[in-house]
Amino acid sequence: MLKGKAFAKINLTLDVTGILENGYHSIASVMQTISLYDEISVGKNDSGEIRLYSDGGEYADGMPLDERNTCHKAAKVFLEKIGFRQGVDIHIKKNIPSQAGLGGGSSDAATVLRLMNKLFEADLSFDELQKIAIEIGADVPFLVTGGCALCEGMGEILTPIEKGLEGYVLLVKPDFGISTPEAYRLFDEKKLPYGSSSEAVMKSGSFSGLLSNDLEKAVANPEIEEIKRRLVRLGASDSLMTGSGSCVYGLFEDKKVAENALASLGGYLCEPVSSEEVTS
């Protein structure tokens, strides 16, 4: 059985850029993987079935262990692509909260693709895995390789960014979650303008002062705004809601300052994770 880490991600920018013919929204988003991770194990079985198991973790309760799970979808699509009729056992330990905007389910699926590529000696390139990944979900192609990248379209058009985020990331999640469809519904309902922060980041080569999230503007939740204010008061250089929420992060240059903020607010203190670490 092969084991791997499914790293969470944060959105440094998230611009809604339009609506595609299939009804989904197009985006431009600079994403960065961070050191909070789920633990995934994959092995073959003789049943001919894809079987999912929970190995616990803080957020394992309520996780579906059937075809609704992104890991099941990833395994099914991968086996179809390589033409194998092989049973697979997948063990999942959940440490990334759901409905947080951290990409936990997507990263689990991406990790299943990487592990199954090794398990079945399929020798697919990361580009080939990313083409499979878009059939599973919008964030999955980026999370196949992680690191830092501009993600466009439905998330399948990737431009790696060599110099990613540095320093420390403190994640603070409110007691409530936000579903992705609800966040986009609010964006459309409020008729908010399309953002351009990702373009500004790519032109400047810096994230400083350019963090922006169109879905945060759509959600407009006072508790999220208060967490952001507290993070900045405690020394964060900037703060933003990630993805469709509800998790908020603060960026810190100094570890001690970040640790003091963690002691005050709770949450998870993380560091950026490179593409090399994700794919090793």
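A salt bridge here is a side-chain nitrogen of Lys or Arg within 4 Å of a carboxyl oxygen of Asp or Glu. The model on screen is predicted. A search of the whole structure finds 16 salt bridges.

**Stop 1: helix 1.** Select Lys76 and Glu80. Their side chains form a salt bridge, 2.8 Å from N to O. Both sit in helix 1 (residues 70-82), four residues apart, about one turn of the helix. Lys76 is partly exposed, because its relative accessibility is 43%. Glu80 is exposed, at 52%.

**Stop 2: helix 6.** Select Glu199 and Lys203. This salt bridge has its closest N and O atoms 3.2 Å apart. Helix 6 (residues 197-204) holds both partners, again four residues apart. Glu199 counts as partly exposed at 46%, and Lys203 as exposed at 68%. Now select Asp38, Lys94 and Asp108: salt bridges with shared partners link them into one network.

**Stop 3: Lys9.** Move to strand 1 (residues 2-11), where Lys9 sits. Is Lys9 buried or exposed? Its relative accessibility is 2%, so Lys9 counts as buried. Show its polar partners. The side chain of Asn11 makes a polar contact of 2.5 Å with that of Lys9. The backbone oxygen of Gly101 lies 3.0 Å from a polar side-chain atom of Lys9. Contacts beyond four places in sequence include Met31, Asp139, Phe142 and Thr242.

**Stop 4: the core.** Select Ile40, Val42, Ile90, Val112, Leu113, Met116 and Leu231. These have the most contacts inside the largest nonpolar core, which has 58 residues. Helix 2 (residues 104-119) contributes the most to this core, with seven residues. Another core, of 24 residues, lies apart from it; Val30, Ile34, Leu36 and Cys247 are among its members.

Terms used:
Residues numbered from 1 in each chain as written. Predicted model: local features only at pLDDT ≥ 70, side-chain atom pairs only at ≥ 80, totals over all residues. Heavy atoms only, no water. Core = buried A, V, L, I, M, F, W, Y, C linked by side-chain atoms within 4.5 Å. Buried < 20%, exposed > 50% of the residue type's maximum accessible area, 1.4 Å probe, protein only. Helix = DSSP H or I, 4+ residues; strand = E, 2+ residues; numbered from the N terminus. Polar contact = N/O pair within 3.5 Å; in protein donor to acceptor, adjacent residues only side chain to side chain. Contact = heavy atoms within 4.5 Å.
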